[in-house]
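Trainee: Please take me closely through one part of this model, the strand pairing and the aromatic rings around it. Keep it brisk.

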Amino acid sequence: VQLQACGGGLVQPGGSLRLSCTASVSGSFHVINIMNWYRETPGKERELVAGINSRGITNYADSVKGRFTISRDAPNTADLQMNSLKLEDTALYFCQASVWAPASGSVWYWGRGTLVTVSS
């Protein structure tokens, strides 16, 4: 399983960015259950930003509610639309996915981070 995240960049406060995560799974039958976006800043623990399950049920950190939207346009993708960005949203953003397969059961995977910098 490989998770590819993209879409990070430099944006001014109040601006928008859209992050995309694509899971590539080879081999046998599998189900991608939950896809999450986390973020990490120096000196702080990795924080769950938003998550979505295979039925489209979402959850958000309080700090991003009303500004960020997570969606799954395909079973193996999770996009994070980030609006009204604030300086404190600056972080390295990671995609995480829970993948179920008959041989392994449910396993969590991480992608590489994509950097979001909010700066004037």
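Mentor: Start with strand E3 (residues 17-24) and strand E8 (residues 77-82): they run antiparallel, joined by six bridges. This is a predicted model, where local features need pLDDT of at least 70, side-chain atom pairs count only at pLDDT 80 or more, and totals for chains, interfaces and linings use all residues. Residues are numbered from 1 along each chain as its sequence is written, and side-chain values use heavy atoms, with hydrogens and water left out.

Strands (E, at least two residues) are DSSP runs numbered from the N terminus. Two of them pair if DSSP finds at least two bridges between them. Across this pairing, Arg18 stands opposite Gln81 in E8.

Now the sheet. It is open, with four strands in the order E1-E3-E8-E7 and antiparallel pairing. E1 (2-6) and E7 (68-71) are the edges; each has a single partner strand, so one side of each lacks a neighbour in the sheet. Twist averages 15° from one strand to the next (axes are lines fitted to C-alpha atoms; angles run from 0 to 180 degrees between N-to-C directions).

Next, the rings. The whole structure holds three aromatic pairs (ring centres within 6.5 Å, using the six-membered ring of Trp; planes under 30 degrees apart are stacked, over 60 edge-to-face, the rest tilted). Phe29 and Trp100 pair edge-to-face, at 6.2 Å centre to centre and 75° between planes. Phe29 lies in the loop between E3 and strand E4 (31-40), Trp100 in strand E9 (residues 91-101), so the pair ties together parts 71 residues apart in sequence.
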